[in-house]
Amino acid sequence: MTTPPSVSPPPLQPMAPVQPGQPRTRRARIVGVIVGALVLVLVAGAAVWWLTRDEDSSPLAGRPRVTDASAGLSYAVPEGWKRNDGKDLIQAFTSSITTKGPEGQGGAAVLAGRGRGIDESALKQRTETAARSNAEFFYPDGKSVVEESRATAVSGRPAYTVALSVHDDTGRAGRLRLTIVTRSGDRSAFLLGVTESPEPTDSQVVDAVLASAAVK
């Protein structure tokens, strides 16, 4: 799992795959880097800090939180996860947290970002399209299957979430969940969770992080 290099989110979906014409070897190298190291980065100018919140009874209640002022979201940080501040500037994302798998292999990541406004009527189509695009980026030769696609709400605002299971011919398998939140007429925000692990509990933790999201 990694972040696309210097890719800005297009007007109508929160994040984009690698730009057309980018060499395939570049994409493969990027994916290889994250599988081994899970190095994720924050966009310049994002105001992110840690908070603790105890007022709910969710699985991550009482855990520290990242408050991402740029995306306008906050979300919980599971035990053992770390916030990653990188030197590179990735325009598609505004904050991220990660965890490594056994012996540094696999692991999971949750990334936040912002986009332009999306009508509630278009949330399903935009979220499903963006989820598939990200699945194609992380698994360029893989296939994805929709596990879940449903409307939801974040802090009372309309949102949509899509979960995909992904695998390729080499045996690599993972799971991706994307939730897009409408913030106002001209703004939206998203949380993207990517898991490269055969353990169902890892995906459940990612789902819990996304479920902990709140509009700030």
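Colleague: Which residues touch the most other members in the largest nonpolar core?

Modeller: Phe138, Leu176, Leu178 and Leu192, out of 23 residues in that core. A nonpolar core here is a set of buried Ala, Val, Leu, Ile, Met, Phe, Trp, Tyr and Cys residues joined through side-chain atoms within 4.5 Å. Buried means under 20% relative accessible area, exposed over 50%, and partly exposed in between, with a 1.4 Å probe and protein chains only.

Colleague: Which elements give two or more residues to this core?

Modeller: Strand E6 (107–116), H2, strand E8 (157–167), strand E9 (173–184) and strand E10 (187–196). H2 gives the most, with six residues. Helices (H or I, at least four residues) and strands (E, at least two) are DSSP runs, numbered from the N terminus.

Colleague: And what other core is there?

Modeller: Another one, of 22 residues, lies apart from it, with Trp81, Val181, Ala208 and Leu210 among them.

Colleague: Before I go on, what sort of model is this?

Modeller: It is a predicted model, where local features need pLDDT of at least 70, side-chain atom pairs count only at pLDDT 80 or more, and totals for chains, interfaces and linings use all residues. Residues are numbered from 1 along each chain as its sequence is written, and side-chain values use heavy atoms, with hydrogens and water left out.

Colleague: Fine. How many helices and strands are there in the protein?

Modeller: Three helices and eleven strands. From the N terminus on, the order is α-β-β-β-β-β-β-α-β-β-β-β-α-β. Of the 216 residues, 50% count as buried.

Colleague: Back to H2. Where does it run, and what does it lie across?

Modeller: H2 covers residues 123–138 and reaches 22 Å from its first C-alpha to its last, close to the 22 Å expected at 1.5 Å a residue. That expected span is 1.5 Å times one less than the number of residues. H2 lies across E7, E8, E9 and E10, at about 30° to E8. Axes are lines fitted to C-alpha atoms, for helices over the stretch in contact, and angles run from 0 to 180 degrees between N-to-C directions. Contact means heavy atoms within 4.5 Å.

Colleague: What about H3?

Modeller: Helix H3 (residues 200–211) lies across strand E5 (95–99), E6, E9 and E10, running at about 165° to E10.

Colleague: What is the strand order in the open sheet of seven strands?

Modeller: E4-E5-E6-E10-E9-E8-E7, with antiparallel pairing. Two strands pair if DSSP finds at least two bridges between them. Strand E4 (82–83) and strand E7 (143–154) stand at the edges with a single partner strand each, so one side of each has no neighbour in the sheet. Further in, nine bridges join E9 to E10, and serine 184 stands opposite arginine 187 in E10.

Colleague: New topic: is E2 enclosed or open, and why?

Modeller: Strand E2 (residues 64–68) is largely enclosed by the rest of the structure, because four of its five residues are buried. E2 pairs with strand E3 (residues 73–76) in the antiparallel sense over four bridges. The hairpin has four residues between the strands, and glycine 72 takes a positive phi near 80° there.

Colleague: Last one. Is proline 158 buried or partly exposed?

Modeller: Partly exposed, with a relative accessible area of 27%. Proline 158 is in strand E8, and its C-alpha is separated by 5.8 Å from that of threonine 182, 24 residues apart along the chain.
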